[in-house]
Amino acid sequence: MIKCDKCDEEFELKVQVTKYHGGIEKSFLKCPCCGERYTVSFTDKGIRAKQYEINKLRDKLSSAEVEDVDSITKQIDVIKNYMRKNILRLRAKFEAK
Ligand SMILES: [Zn+2]
């Protein structure tokens, strides 16, 4: 449960997704009481592809040899940074509208 900033009601954490053209998706939470929306994140095809890469790398990590762990962890960090920047860029673009 999370608390709505606007009306102080508590509601269940249920993420909903809105799709835009260009493969962009916005996930958000909506307060059932007052209808206030809270943006969780933005993703596009590129970001979701990166998310998939991270999942694959995490799988790899769980069965990796000790000497490979560092390089895999670094790859994950690089992808995460890329995602963070792009999510912020998407968000800025959409919230400026
Ligand atoms: Zn509310």
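Visitor: What average pLDDT does the protein chain have?

Guide: pLDDT is the predictor's confidence in each residue, from 0 to 100. Here the protein chain averages 93, and 99% of the residues score at least 70. This is a predicted model: local features need pLDDT of at least 70, side-chain atom pairs count only at pLDDT 80 or more, and totals for chains, interfaces and linings use all residues. Residues are numbered from 1 along each chain as its sequence is written.

Visitor: Where is confidence lowest, and where is it highest?

Guide: Where pLDDT is low, predicted coordinates should not be read in detail. In this chain the lowest mean is 91, in β5. The highest is 96, in helix α1 (residues 45–62).

Visitor: How many helices and strands are there?

Guide: Both are DSSP runs, numbered from the N terminus: helices are H or I with at least four residues, strands are E with at least two. The protein chain has two helices and five strands. Along the sequence the pattern reads β-β-β-β-β-α-α.

Visitor: What radius of gyration does the protein chain have?

Guide: The radius of gyration is taken over C-alpha atoms, and the globule rule is 2.2 Å times the number of residues to the power 0.38. A compact globule of 97 residues would come out near 13 Å; the protein chain has 17 Å. Along the principal axes, its C-alpha atoms fill a box of roughly 55 × 30 × 15 Å.

Visitor: What share of the residues count as buried?

Guide: Count other C-beta atoms, placed from the backbone, within 10 Å of a residue's own: 20 or more is buried, 12 or fewer is exposed, and in between is partly exposed. Of the 97 residues, 4% count as buried. Helix α2 is hardly covered, with one buried residue among its 30.

Visitor: Why does the end-to-end distance of α2 agree with its number of residues?

Guide: The expected span of a helix is 1.5 Å times one less than its number of residues. Helix α2 (residues 66–95) has 30 residues, so it should span 44 Å, and its end C-alpha atoms are 44 Å apart.

Visitor: Which domains is the chain divided into?

Guide: Domain bounds come from an automatic or database domain assignment. Domain 1 covers 1–43 and domain 2 covers 44–97. Their C-alpha centres lie 23 Å apart. Two residues are in contact if their C-beta atoms, placed from the backbone, lie within 7 Å. The contact between the domains takes seven residues from domain 1 and eight from domain 2.

Visitor: Which elements give two or more residues to the side of domain 1 that touches domain 2?

Guide: They are β4 (24–30) and β5 (37–43). β5 gives the most, with three residues.

Visitor: Which residues does Lys50 touch, leaving out those up to four places away in sequence?

Guide: Lys50 touches Ile79, Tyr82 and Met83. Lys50 lies in helix α1, and Ile79 is found in helix α2. Ile79 and Lys50 are 29 residues apart in sequence but 6.6 Å apart in space, C-alpha to C-alpha.

Visitor: Why does Lys50 count as partly exposed?

Guide: Lys50 counts as partly exposed because it has 18 C-beta neighbours inside 10 Å. Ile79 is also partly exposed, with 16 other C-beta atoms within 10 Å.
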